[in-house]
Each structure stands twice: as structure tokens, then as C-alpha cells.
Amino acid sequence: MELAFERIEGAEPQAEILFLHGILGRGANLRTLAKRFVAACPGWSAVLLDLRGHGASKLADTPGGGKDEPATLAQCARDVRETIARNAPPRCAVFGHSFGG
């Protein structure tokens, strides 16, 4: 599943840091922290992911957020890996809060 995300560009981005929210949250919950990080580290961009079943990644017709797929921790981790593989540069870090950690 391709996860929804928002990117906050650094002034001179050479790397990205992904911010993963906690349960019942969404990427936007970490926007202030991400903006402060990018302001302090202009060589980085921040990506605020909406995990499966949360925020813009939530599909209205399925409670787990994905058709015919279990809403398990392992599946959430696969979603993040697949989204990183498709969208992130070679230099990437991850910051996770609570469930996102």
C-alpha cells in the first residue's frame, strides 16, 4: 500500500528524515517538530507519513486501511518500507513516536 505523505523541504536537501506518528495520529501531528528539525538542519527534508488506516492513508471502505490485507504491525512495517523504496533518496533516516517507533 502506498502511504500518503507530506514533504517539508529543507533549504539545501541532501537527505530525508521520515516522521512516523503514534496510534490514532497522523503525520501532521509531527509537523511542528519536523519544521523545526528542517530549519535547524537545512541539508535535510522531512517526510510526514500517514500510517495504514490513519490520516489520508485511511480508506473509507475498509476498517484496516487496505483491501484484502491484514492491518497488522508487520503489514504496517511493509507499507513504510515500500513507501521509502519508491520515494526516499539513498540517504534516509526514520524518527518514530509511540506506535510509529
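Which element gives the most to the lining of the largest pocket, and with how many residues?

Reply: Helix 2 gives the most, with six residues. Before the details, note that this is a predicted model: local features need pLDDT of at least 70, side-chain atom pairs count only at pLDDT 80 or more, and totals for chains, interfaces and linings use all residues. Residues are numbered from 1 along each chain as its sequence is written, and side-chain values use heavy atoms, without hydrogens or water.

Helix 2 covers residues 73-87. Helices (H or I, at least four residues) and strands (E, at least two) are DSSP runs, numbered from the N terminus.

Now the pocket. Its volume is about 180 Å³. A pocket is an open set of points on a 1 Å grid over the protein atoms alone, where a 1.4 Å probe fits, with protein on both sides within 12 Å along at least five of seven lines; lining residues have an atom within 4 Å of a point. Grid points are joined across faces, edges and corners, and the volume is the space filled by probe spheres set on the points.

The lining includes Leu20, Leu51, Cys76, Arg81 and Phe99. By class, it has nine nonpolar, two polar and one charged residues. Here Ala, Val, Leu, Ile, Met, Phe, Trp, Tyr, Cys and Pro count as nonpolar, Asp, Glu, Lys and Arg as charged, and the others, Gly among them, as polar.

Take Cys76 from that lining. Cys76 counts as buried because its relative accessibility is 9%. Buried means under 20% relative accessible area, exposed over 50%, and partly exposed in between (1.4 Å probe, protein chains only). Cys92, at 29%, is partly exposed. The structure holds zero disulfides, a disulfide being a pair of cysteine sulfur atoms within 2.5 Å.

Glu82 lies in helix 2. Glu82 is partly exposed because its relative accessible area is 31%. Glu82 and Met1 are 81 residues apart in sequence, yet 7.6 Å apart in space, C-alpha to C-alpha.

Next, look at the loop between strand 3 (44-49) and helix 2, where Arg52 lies. At 3% relative accessibility, Arg52 is buried. The Arg52 side chain makes a polar contact with the side chain of Asp79, at 2.6 Å. Such a contact is a pair of N or O atoms within 3.5 Å; within protein, one must be able to donate a hydrogen and the other to accept it, and residues adjacent in sequence count only if both atoms are side-chain atoms.
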